[in-house]
Amino acid sequence: FYKAIGDKIIEHLEAKFGCTVMIVANRTIISKRAKHHPSQMRPRSRTLTNVHNAILQDIATPSHVTGRRTRVSLEGRRNEKVYLDPLDKEVTQNRLAAMAHLYARLT
């Protein structure tokens, strides 16, 4: 339901508040080592990687993620480069700083 009207909701809230608005769903990460019954598996949607990918999709809502590159430094830090749809460049250009800050804050 949200995917159908999400863009309209965001445009309305941005017009009302006069600043960048992003809506992110509340997601749960379940650890590999979480105690559970041996017959129960951890759902794929609750893994760390899938939750971070879903958060990124939520943040880049008016556009779509078309590619990703992860670069690992010698110290072990991960630097991730995300490519957004070039057709939506004018829509996402003024939101890039807010997107980067929010993703770094949530992950």
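Analyst: Asp58 and Arg27 form a salt bridge, with their closest N and O atoms 2.5 Å apart. Asp58 sits in helix α2, while Arg27 sits in the loop between α1 and α2, so the pair ties together parts that are 31 residues apart in sequence. This is a predicted model.

The two partners differ in cover. Asp58 has 17% relative accessibility, so Asp58 counts as buried; the cut-off for that is under 20%. Arg27 has 34% relative accessibility and therefore counts as partly exposed.

Helix α2 runs over residues 48-59. It has 12 residues and reaches 17 Å from its first C-alpha to its last. That is close to the 16 Å expected at 1.5 Å a residue. Which residues of α2 are buried? They are Val51, His52, Ala54, Ile55, Leu56, Asp58 and Ile59. An α-helix has 3.6 residues a turn, so residues three or four places apart point the same way. What covers the buried residues of α2 includes the strands β1 (65-72) and β2 (78-84), along with α4 (96-106).

Setting aside residues up to four places away in sequence, Val24 touches Ile55, Asp58, Ile59, Leu102 and Leu106. One of these contacts is Asp58, the salt-bridge partner of Arg27. Val24 has 29% relative accessibility, so Val24 counts as partly exposed. Val24 and Ala60 are 36 residues apart in sequence, yet their C-alpha atoms are 9.9 Å apart in space.

Thr47 belongs to the loop between α1 and α2 as well. Its relative accessible area is 14%, so Thr47 is buried. A polar atom of the Thr47 side chain lies 3.3 Å from the backbone nitrogen of Asn50.

How many salt bridges does the structure hold? It holds 3. Another one joins the side chains of Arg95 and Glu14, at 2.6 Å from N to O. Arg95 lies in the loop between α3 (89-92) and α4, and Glu14 in helix α1, so this pair ties together parts that are 81 residues apart in sequence. Arg95 counts as buried because its relative accessibility is 5%. Glu14, with a relative accessible area of 24%, is partly exposed.

Glu80 and Arg68 form a salt bridge too, and their side chains meet at 2.1 Å, N to O. Glu80 lies in strand β2 and Arg68 in strand β1, so the pair ties together parts that are 12 residues apart in sequence. Both ends are partly exposed: Glu80 has a relative accessible area of 32%, and Arg68 has 29%.

Finally, the whole chain. The protein has 4 helices and 2 strands, in the order α-α-β-β-α-α along the sequence. Of its 107 residues, 21% count as buried; Asp58 counts as buried too. The radius of gyration is 16 Å, whereas a compact globule of 107 residues would have one near 13 Å. The C-alpha trace spans about 50 × 40 × 25 Å along its principal axes. Among contacts between residues at least 6 apart in sequence, 42% join residues at least 24 apart.

Key
Residues are numbered from 1 along each chain as its sequence is written. This is a predicted model: local features need pLDDT of at least 70, side-chain atom pairs count only at pLDDT 80 or more; totals for chains, interfaces and linings use all residues. Side-chain values use heavy atoms; hydrogens and water are left out. Buried means under 20% relative accessible area, exposed over 50%, partly exposed in between (1.4 Å probe, protein chains only). Contact means heavy atoms within 4.5 Å. The expected span of a helix is 1.5 Å times one less than its number of residues. A polar contact is a pair of N or O atoms within 3.5 Å; within protein, one must be able to donate a hydrogen and the other to accept it, and residues adjacent in sequence count only if both atoms are side-chain atoms. A salt bridge is a side-chain nitrogen of Lys or Arg within 4 Å of a carboxyl oxygen of Asp or Glu. The radius of gyration is taken over C-alpha atoms; the globule rule is 2.2 Å times the number of residues to the power 0.38.
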